Amino acid sequence: MGRMRVLVVDGHRIFAEALATALAAEPDVDVGAAGSAAAAERALERAVAEHRPYDVVLVDVDLGAAPPPARAQAAPAGPRLTPALPQQRPAPVQLTPPQEARPLSDGIALVARVRRTHPELRAVLLAAADDPQRAARALQAGANGWVARGSSLGALMTVVRGVRRDETHLPPALLTGVVRELTSARRDRSESERLVAALTPREEEVLRCMVAGLGRQAVAERLFLSPHTVRTHMQNVLGKLGVHSTLAAVAVARRAGIAPSEPPVPVPPPTVAAVPGPGAG
């Protein structure tokens, strides 16, 4: 299949560059590294513009993680002398990021974006721990593989070469959990579709407006109804969907694949042709 271009995306720059260096030792692999989602998207766009697109992107599932804030300690009353501390040797560099970090915007969101804009690109998530729920989310976002950060380089390359051939790779220990999560998601969607199917056409129109974020007055204006009638329709929608809030109704609609209401397209006024008066011509 010729040479392969791989982009490593990890917020821990040392880890990203170390992994890129290791992958570059493979005779048929060209590698780039990016330290953030924005840098990765720029690198992908630049590669396409140069007619050298990447084949596979390796993304840290916790991309964008931030360590928990340090606890503030109350200062002791009165003056205090700080004793001189003995000089300590610097701690060794840690390539694997700390486990307690919590992602602010994870790598799955990046995978979803780049798979939409670069459909030929294959994506593999690098994870510190096996998590069936996140792995299922990753597959739904368009990921092709999930690899533990502690895997050997040989195992990682097996996955990278496999996803390039359009294979999907998951650790065996994750398979049962991921299948369960995907089945549950499909069951939730089927139940949501059943609930939405019980709505009248007018109630479904109102639900679409709710999905679009419109309030009662805006719905009334869009559907040419009175606010009181819209209120009645909204109450009926909540009751038939078995929920107690607009937000919950929107969540059911989303799971059922209900699209938001679009504003009507303005119709231009008809053009009136000039009628020549008597004696014209």
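Here is a short chat about a predicted model of a protein chain.

Biologist: Let's start simple: how many helices and strands does the secondary structure of the chain come to?

Modeller: Remember that we're looking at a predicted model. The chain has 281 residues, and 35% of them count as buried. Its secondary structure comes to 10 helices and seven strands.

Biologist: Which element of the chain has the lowest mean pLDDT?

Modeller: Across the chain the mean pLDDT is 80, and 78% of the residues reach 70 or more. Over residues 67–105, though, the pLDDT is below 50, and beyond near neighbours in sequence this stretch has 23 contacts in the model. Strand S1 (residues 4–9) has the highest mean among the elements, at 96. The lowest, at 38, belongs to strand S5 (residues 102–103).

Biologist: Which residues in H8 do the H7 residues meet?

Modeller: On the H7 side, we have Arg202, Glu205, Val206 and Cys209. The residues of this contact divide into four nonpolar, no polar and three charged. The partners in H8 are Val219, Arg222 and Leu223.

Biologist: Is aspartate 166 buried or exposed?

Modeller: Aspartate 166 sits in the loop between helix H5 (153–164) and helix H6 (172–197). Its phi is near 70°, a positive value in a residue other than glycine. Most residues other than glycine have a negative phi. With a relative accessible area of 53%, and the cut-off being over 50%, aspartate 166 is therefore exposed.

Biologist: And what is the phi of phenylalanine 224?

Modeller: You'll find phenylalanine 224 in the loop between H8 and helix H9 (227–241). At 74% relative accessibility, phenylalanine 224 counts as exposed. Although this residue is not a glycine, its phi is positive, at about 60°.

Biologist: One last thing: what percentage of contacts between residues at least 6 apart in sequence join residues at least 24 apart?

Modeller: Start with the contacts in the chain between residues at least 6 apart in sequence. Then pick out those that join residues at least 24 apart, and the share is 71%.

Methods:
Residues numbered from 1 in each chain as written. Predicted model: local features only at pLDDT ≥ 70, side-chain atom pairs only at ≥ 80, totals over all residues. Heavy atoms only, no water. Contact = heavy atoms within 4.5 Å. Helix = DSSP H or I, 4+ residues; strand = E, 2+ residues; numbered from the N terminus. Nonpolar A, V, L, I, M, F, W, Y, C, P; charged D, E, K, R; others polar. pLDDT = per-residue confidence, 0-100. Buried < 20%, exposed > 50% of the residue type's maximum accessible area, 1.4 Å probe, protein only.
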